[in-house]
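Please keep the sequence and the coordinates at hand while reading.

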Amino acid sequence: MTSRHEVVFLFDVDNTLLDNDRVIEDLRRYLTSEVGAGSADRYFAIFEQLREELGHADYLGALQRYRVAYPRDHGLLCVSAFLVDYPFATRLFPNSLDVLERLAAFGPTVLLTDGDVVFQPRKIERSGLGAAVEHRILVYIHKERELDDVAQRFPAEHYVLMDDKLRILAAVKQAWGPRVTAVFVRQGHYAHDPDTLASYPPADLTIDRIGDLLDYDIPTLTRPLRAGSSTARAKVSQHDQSNQTTP
């Protein structure tokens with residue numbers, strides 16, 4: 001994409017559009033039943049250590065580290081089969097696809113996510129998220145460090161970023177300032193960690209569920225919000241009121 005748009009909507013994937021915590025819970029149960037609690041615990045100890053280092057889930061990296069530490073344990077190779085065949089579409093948060101469809105009427109929607117180069121693209125494909133954004137997908141190791149590449153690929157006057165991590169939102173806000181509206185989606189374990197919440201400034205807007213965006217006046221999100229409006233609810237347009245039931 002080379003043409004410059006008035007606004008581009010950037011969506012994180014894990015715990016923003018898709019309940020990745022549930023995926024991890026399912027994987028833990030599966031490993032425990034297939035290889036036993038001991039091997040499962042060892043894998044997830046490595047998994048959590050790597051997630052702490054990277055700031056995102058890396059199933060493949062954890063599996064590779066496990067293999068180095070336990071070269072004769074072939075049981076965990078079932079992780080690959082589990083994740084390749086996992087029905088990720090069943091783990092989308094309610095109204096995720098509806099939100100993508102609604103915002104696409106105002107500007108391009110783009111998936112901006114961190115993750116490994118195998119399972120993260122597979123997750124996006126299997127969940128239906130890739131097709132929902134017409135395959136505008138960016139997968140980085142640390143997306144907050146690649147904003148120049150994001151802007152080059154999807155140039156815009158303004159960006160709206162939806163993410164469940166205040167750390168990411170704060171970093172992007174520091175880099176782009178009023179050029180971005182940072183939307184904090186309070187879903188998943190990162191979004192409810194008290195230490196994390198105390199460590200970073202509030203986002204421009206805070207919502208409890210990604211589906212809440214169906215009740216917002218989207219043009220309001222395409223420009224900087226007023227100071228002190230981090231949790232203020234934007235006025236629903238008359239068009240939306242006539243087509244939706246506000247919870």
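Does Phe-44 count as buried or exposed? In this predicted model, Phe-44 counts as buried because its relative accessibility is 2%, and Phe-47 likewise counts as buried, at 0% relative accessibility. Both residues lie in helix α2, which spans residues 37-54, and they are 3 residues apart, about one turn of the helix. An α-helix has 3.6 residues a turn, so residues three or four places apart point the same way.

**Aromatic pairs and rings under a charge**

The structure holds 9 aromatic pairs. One of them joins Phe-44 and Phe-47 in an edge-to-face arrangement, with 5.6 Å centre to centre and 65° between the planes. Phe-47 counts as buried, at 0% relative accessibility. Another pair, formed by Phe-82 and Tyr-86, is tilted, with 5.3 Å centre to centre and 50° between the planes.

| Aromatic pair | Centre to centre | Angle between planes | Arrangement |
|---|---|---|---|
| Phe-44 and Phe-47 | 5.6 Å | 65° | edge-to-face |
| Phe-82 and Tyr-86 | 5.3 Å | 50° | tilted |

Phe-82 is buried, with a relative accessible area of 14%, and Tyr-86 also counts as buried, at 5% relative accessibility. Together with Tyr-30 and Phe-88, Phe-82 and Tyr-86 form one aromatic cluster.

The charged end of Arg-42 sits over the ring of Tyr-70, 5.3 Å from the ring centre, while the charged end of Arg-179 sits over the ring of Trp-176, at 5.4 Å from its centre.

**Helix packing**

How do α4 and α6 run relative to each other, and what is the angle at which they pack? Helix α4 (residues 78-85) and helix α6 (residues 119-127) pack at an angle of about 30°, with their axes 9 Å apart, and the two helices are therefore roughly parallel to each other. In this contact, Ser-80, Leu-83, Val-84 and Asp-85 of α4 meet Phe-119, Arg-122 and Arg-126 of α6. By class, the contact of α4 with α6 has 3 nonpolar, 1 polar and 3 charged residues.

In α3, which covers residues 59-69, the buried residues are Tyr-59, Gly-61, Ala-62, Leu-63 and Tyr-66. What covers these buried residues includes α1 (20-35), α2, α4 and α6.

**A histidine in a loop**

His-142 is placed in the loop between strand β3 (137-140) and helix α8 (147-153). Although it lies in a loop, His-142 counts as buried, because its relative accessibility is 16% and the cut-off for burial is 20%. When residues up to four places away in sequence are not counted, His-142 touches Leu-54 and Asp-114. The C-alpha atoms of His-142 and His-56 are separated by 8.9 Å, although the two residues are 86 residues apart along the chain.

**The chain as a whole**

The chain has 12 helices and 6 strands. Of its 247 residues, 53% count as buried. Among the contacts in the chain with a separation of 6 or more, residues 24 or more positions apart account for 67%.

How values were computed:
Residues are numbered from 1 along each chain as its sequence is written. This is a predicted model: local features need pLDDT of at least 70, side-chain atom pairs count only at pLDDT 80 or more; totals for chains, interfaces and linings use all residues. Side-chain values use heavy atoms; hydrogens and water are left out. Rings of Phe, Tyr and Trp (its six-membered ring) pair if their centres lie within 6.5 Å; planes under 30 degrees apart count as stacked, over 60 as edge-to-face and the rest as tilted. Helices (H or I, at least four residues) and strands (E, at least two) are DSSP runs, numbered from the N terminus. Buried means under 20% relative accessible area, exposed over 50%, partly exposed in between (1.4 Å probe, protein chains only). A charge sits over a ring if NZ of Lys or CZ of Arg is within 6 Å of the ring centre and within 35 degrees of the ring normal. Contact means heavy atoms within 4.5 Å. Axes are lines fitted to C-alpha atoms, for helices over the stretch in contact, and angles run from 0 to 180 degrees between N-to-C directions. Angles under 35 degrees count as roughly parallel, over 145 as roughly antiparallel, 65 to 115 as roughly perpendicular and the rest as oblique. Ala, Val, Leu, Ile, Met, Phe, Trp, Tyr, Cys and Pro count as nonpolar, Asp, Glu, Lys and Arg as charged, and the others, Gly among them, as polar.
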